[in-house]
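Please examine the sequence and the three-dimensional structure shown here before reading the explanation.

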Amino acid sequence: MPVHGSEGSQGSQGSRGTSGRGFGLGLALVSALAFGGSGVAAKPLIEAGLDSLSVVWLRVAGAALVMLPLAWRHRALVRRRPLLLLGFGLLAVAGVQACYFAAISRIPVGVALLVEYLAPALVLGWVRFIQHKPVTRAAALGVVLAVGGLACVVEVWSGLSFDALGLLLALGAACCQVGYFVLSDQGSDAGASGGEVPDPFGVIAYGLLIGAVVLTVIARPWGMDWSVLAGDATMNGTAVPAWLLLCWIVLLATVVAYLTGVVSVRRLSPQVAGVVACLEAVIATVLAWVLLGEHLSAPQLFGGAVVLVGAFIAQSSKAPTRPPEPPAEPAETALSRSGGAV
């Protein structure tokens, strides 16, 4: 999947000014809050009788149905940017979900989360070594702090066990999450260089549709116990309609989460949005404490504070200023990019 290079990056940085950066940070926080609430809503459904893969399928398929009108509105994207849509559907939607749930079937959830949220570090590597763009020290420090704090939040030491395939699947989820951030950034440089910007809503709509198709083959929903959705699920001793939890997962934890997440990446940058996304694990832990009665330990509280500090440092970083361009040559000796005399 081609990624826009540094050409036009100055215009891109202009589009990511102070006001746009603040708005993007707000959207990134909303996305982290929405994504972080998915597990809290999904756990009661799983305890009520649905398996985790069925919940994932319901989540993606339901969101795809909600976004279907937008997919029709932006149907021209299928012809203009088919690889972008396919990549987003396979990596950012289906790949992350399938690899993560396959990983937690073999290794502890905390270990899988820690490996998956190595994605911000991988994003920095992508930006620095693949796109050949500068990376600030503040962004790198933010990643280190966020990953270290995340290790405390998930209490990775409480479930250390080595399973090569499980760790490989978790790393696959991390790589797919990198794809989410990189592909979400498609178009931020295109607009600055005069190209056509793919509408983020259309990209998300088709990504969810493609992801739903892929997950249908994996989850096989025709064997699911649909009667669970007609009953109640228990959330910390309180009966909650299962359909209401499903609406939470579909509308908030998927539709709102993806919409705000993709737009925030374009307002910020993949590396900064990736670090802010580490807050998802902190938010999920806090929501589980409040809504499910799961207690937080002192290391988890400390780790959450460290993740917050890392996210703050990363989002406050600014791209290094480029050296001034050398003066242009006289018109009679200047050459065009194709080599012809201007």
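This is a predicted model: local features need pLDDT of at least 70, side-chain atom pairs count only at pLDDT 80 or more; totals for chains, interfaces and linings use all residues.

Residues are numbered from 1 along each chain as its sequence is written, and side-chain values use heavy atoms, with hydrogens and water left out.

A cavity is a set of points where a 1.4 Å probe fits but cannot get out, whereas a pocket is an open set with protein on both sides within 12 Å along at least five of seven lines. Lining residues have an atom within 4 Å of a point. Grid points are joined across faces, edges and corners, and a volume is the space filled by probe spheres set on the points.

The largest pocket holds about 1300 Å³ of space. Its lining consists of 47 residues, and Gly-39, Tyr-100, Val-109, Leu-113 and Ala-284 lie nearest the centre. Several helices (DSSP runs of H or I with at least four residues, numbered from the N terminus) supply at least two residues each to this lining, among them helix 2 (18-36), helix 7 (82-104), helix 11 (164-184) and helix 14 (242-267). By class, the lining of the largest pocket comprises 29 nonpolar, 12 polar and 6 charged residues. Here Ala, Val, Leu, Ile, Met, Phe, Trp, Tyr, Cys and Pro count as nonpolar, Asp, Glu, Lys and Arg as charged, and the others, Gly among them, as polar.

How many cavities of 30 Å³ or more does a search of the whole structure find? The search finds 1. The largest cavity contains about 90 Å³ of space. It is lined by 13 residues, of which Ser-31, Phe-181, Ala-273, Ala-277 and Glu-280 are the closest to its centre. Helix 2, helix 11, helix 14 and helix 15 (270-277) each provide at least two residues of this lining, and helix 2 gives the most, with 4 residues. The lining of the largest cavity divides into 9 nonpolar, 3 polar and 1 charged.

Individual residues may now be considered. Ser-264 lies in helix 14 and is buried, with a relative accessible area of 3%. Buried means under 20% relative accessible area, exposed means over 50%, and partly exposed lies in between (1.4 Å probe, protein chains only). The side chain of Ser-264 reaches the backbone oxygen of Gly-261 at 2.7 Å. Leaving aside neighbours within four places in sequence, Ser-264 is in contact (heavy atoms within 4.5 Å) with Gly-24, Leu-27 and Ala-28.

Leu-53 is found in helix 4 and counts as partly exposed because its relative accessibility is 22%. Residues up to four places away in sequence not being counted, Leu-53 touches Ile-218 and Ala-219. The C-alpha atoms of Leu-53 and Met-224 are separated by 9.9 Å, although these residues are 171 residues apart along the chain.

His-74 is placed in the loop between helix 5 (68-73) and helix 6 (77-80). His-74 is buried, since its relative accessible area is 16%. Beyond its neighbours within four places in sequence, His-74 is in contact with Asp-199, Gly-202 and Tyr-206.

The cysteines remain. A disulfide is a covalent bond between the sulfur atoms of two cysteines. When a disulfide is taken as a pair of cysteine sulfur atoms within 2.5 Å, the count comes to 0 disulfides. Cys-152 is buried, with a relative accessible area of 17%, and Cys-278 is buried, with a relative accessible area of 0%.

How values were computed. A polar contact is a pair of N or O atoms within 3.5 Å; within protein, one must be able to donate a hydrogen and the other to accept it, and residues adjacent in sequence count only if both atoms are side-chain atoms.
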